[in-house]
Amino acid sequence: MIKAPSLLLASFAAAVSFAPAVQAQDAAAGEKKAAMCLGCHNIPGYQASFPQVHKVPKIGGQGAKYIAAALTAYKKGERKHPTMGAIAGSLSDQDIADLAAFYEKQGGTPVADAAAPQPPADVASLLSKGACNSCHGPNFNKPIDPSYPKLAGQYGDYLYVALRAYGTEGNAQVGRGNAIMGAQVKQFKPAELKLIAEYLSSVPGDVKTVPESRFR
């Protein structure tokens, strides 16, 4: 059964209540700790080849609380990715908080809080079925809680791989353990997830890739 938006919000609220306490953040300290991140996340269009091929996500301007939650999930193995798991496993909670603050600050001035462009009818139906804006916001750039990601303007191939990962089970290298997202993506065929991802990538948003030379 598909969860109604109200039930999704209730599930989300329950999940957030069990989130770990947020560390005090220091963006300046995060910049000094970002050396291992720059070679992928600060090269526009950089392509990952293992364990799946896709562009490395834009994280400049992404919410710090979400970045911290994602790194923590990699550290705990709730998100499976050999490279990210190894990197996150080397970070303390304070390192994670500082890096999250640094990358959030890289976004600069947020884009205007405008409605997302009207999607094609078939995509609109898919977004409605998944109740995507009930958590990620009507413009997919202002989630209802900062521990949820901004999706607007993210690379479409990355979004597609990420969505597929939530529905992947029993794979040692790929997968994301999130009950809410797992239930959502299992409603869709791969081709439908790709349509959703491609549309979200076309929506104006805050996330960006800032070349290293611009802040070094």
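This is a predicted model: local features need pLDDT of at least 70, side-chain atom pairs count only at pLDDT 80 or more; totals for chains, interfaces and linings use all residues.

Biologist: Is Asp98 buried or exposed?

Modeller: Burial is judged by relative accessible area, with buried meaning under 20%. Asp98 has 3% relative accessibility and therefore counts as buried. This residue belongs to helix α6, which covers residues 93-105.

Biologist: Which residues is Asp98 in contact with, leaving aside neighbours within four places in sequence?

Modeller: Asp98 is in contact with Ala24, Gln25, Asp26, Ala27, Ala29, Gly30 and Lys33.

Biologist: And is Lys76 buried or exposed?

Modeller: The term exposed applies over 50%. Lys76, with a relative accessible area of 55%, is therefore exposed. Lys76 is placed in helix α4, residues 64-76. Between the C-alpha atoms of Lys76 and Ala88 the distance is 8.6 Å, while twelve residues separate the pair in sequence.

Biologist: At what angle do helices α9 and α11 pack?

Modeller: The axes of α9 (residues 156-166) and α11 (residues 190-202) are 8 Å apart and form an angle of about 140°. Because roughly antiparallel requires an angle over 145 degrees, α9 is oblique to α11. Their crossing is right-handed.

Biologist: Which residues of α9 and α11 meet?

Modeller: From α9 come Gly156, Leu159, Tyr160, Leu163 and Arg164; they meet Pro190, Leu193, Lys194, Ile196, Ala197, Leu200 and Ser201 of α11. Sorted by class, this contact comprises eight nonpolar, two polar and two charged residues.

Note on methods: Residues are numbered from 1 along each chain as its sequence is written. Side-chain values use heavy atoms; hydrogens and water are left out. Helices (H or I, at least four residues) and strands (E, at least two) are DSSP runs, numbered from the N terminus. Buried means under 20% relative accessible area, exposed over 50%, partly exposed in between (1.4 Å probe, protein chains only). Contact means heavy atoms within 4.5 Å. Axes are lines fitted to C-alpha atoms, for helices over the stretch in contact, and angles run from 0 to 180 degrees between N-to-C directions. Angles under 35 degrees count as roughly parallel, over 145 as roughly antiparallel, 65 to 115 as roughly perpendicular and the rest as oblique. A crossing is left-handed if the near helix is turned anticlockwise from the far one by less than a right angle, and right-handed if clockwise. Ala, Val, Leu, Ile, Met, Phe, Trp, Tyr, Cys and Pro count as nonpolar, Asp, Glu, Lys and Arg as charged, and the others, Gly among them, as polar.
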